[in-house]
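The explanation below goes through them one at a time.

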Amino acid sequence: MSNFRVMNHPLIQHKLTIIRNKDCGTKEFREVVNEISRLLAFEVSHEMPLKNVQVKTPMGIAKSKALAGKKVAIVPILRAGLGMLDGVLDLIPAAKVGFIGMYRDEKTFKPHEYFCKLPSDIADRQIFVIDPMLATGGTAIMTINALVQHGANPSNIKFVCIVAAPEGVKALENAHPKLNIYAAALDDHLENGYIVPGLGDAGDRLYGTK
């Protein structure tokens with residue numbers, strides 16, 4: 001059974017259309033990616049456990065709910081993942097943040113790790129790995145591997161992206177069969193390492209580089 005899910009919320013789909021447009025400028029692209037990330041965080045956090053609590057209101061005692069269980073860590077894959085970070089933190093402001101830096105060889109499309117800085121208690125946290133694109137899957141696989149090598153529990157990791165390619169989803173599922181993968185869209189295919197129709201290079205569009 002696949003653990004891949006497309007988040008079909010109307011607002012997510014509407015905002016995705018905006019950033020797919022090649023004429024969407026850097027400022028608007030960055031703002032809308034942030035908005036999509038916030039909505040994705042809302043969707044993927046629906047399974048976070050709750051506990052019963054009591055609070056005093058101005059009128060009496062309310063039996064209510066509060067988050068329970070593992071605390072959260074957000075791990076953006078540098079650099080494009082940074083574009084999603086603020087949106088997720090808007091909803092989970094107490095989360096700790098780790099960083100894993102990857103770059104992709106332009107000829108082989110193979111990822112290479114160049115930086116890793118994680119919370120010391122990463123083993124005890126629910127982890128959201130965020131990256132706008134899941135293309136070949138190589139970068140995502142290396143990131144999950146790095147987290148596990150640093151003590152993270154694989155069952156505590158969720159991968160959240162905006163656009164995924166079937167090839168990347170398959171590769172990531174094969175490498176980590178129990179991983180939960182979330183995306184705003186599953187596109188058609190890869191072409192020269194890029195998602196088609198996709199939205200171009202997310203890092204370049206976020207930061208105005210080429």
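In helix α4, the residues Gly 138, Thr 139, Ala 140, Ile 141, Thr 143, Ile 144, Ala 146 and Leu 147 are buried, where buried means under 20% relative accessible area, exposed over 50% and partly exposed in between, with a 1.4 Å probe and protein chains only. Helices (H or I, at least four residues) and strands (E, at least two) are DSSP runs, numbered from the N terminus. The model is predicted: local features need pLDDT of at least 70, side-chain atom pairs count only at pLDDT 80 or more, and totals for chains, interfaces and linings use all residues. Residues are numbered from 1 along each chain as its sequence is written, and side-chain values use heavy atoms, leaving out hydrogens and water.

Helix α4 covers residues 138-149, 12 residues, and spans 16 Å from its first C-alpha to its last, close to the expected 16 Å; the expected span is 1.5 Å times one less than the number of residues. Just after α4, Gly 151 has a positive phi of about 105°.

An open sheet is formed by three strands in the order β9-β11-β13, with parallel pairing. Its edge strands, β9 (133-134) and β13 (185-186), each pair on one side only. Two strands pair if DSSP finds at least two bridges between them. For β9 and β11 (residues 163-164) there are two bridges, in the parallel sense, and Met 133 stands opposite Val 163 in β11.

Strand β2 (residues 50-57) lies largely in the open, because zero of its eight residues are buried. Eight bridges pair β2 with β3 (residues 60-67) in the antiparallel sense. The two strands form a hairpin with two residues between them, and Val 55 stands opposite Ala 62 in β3.
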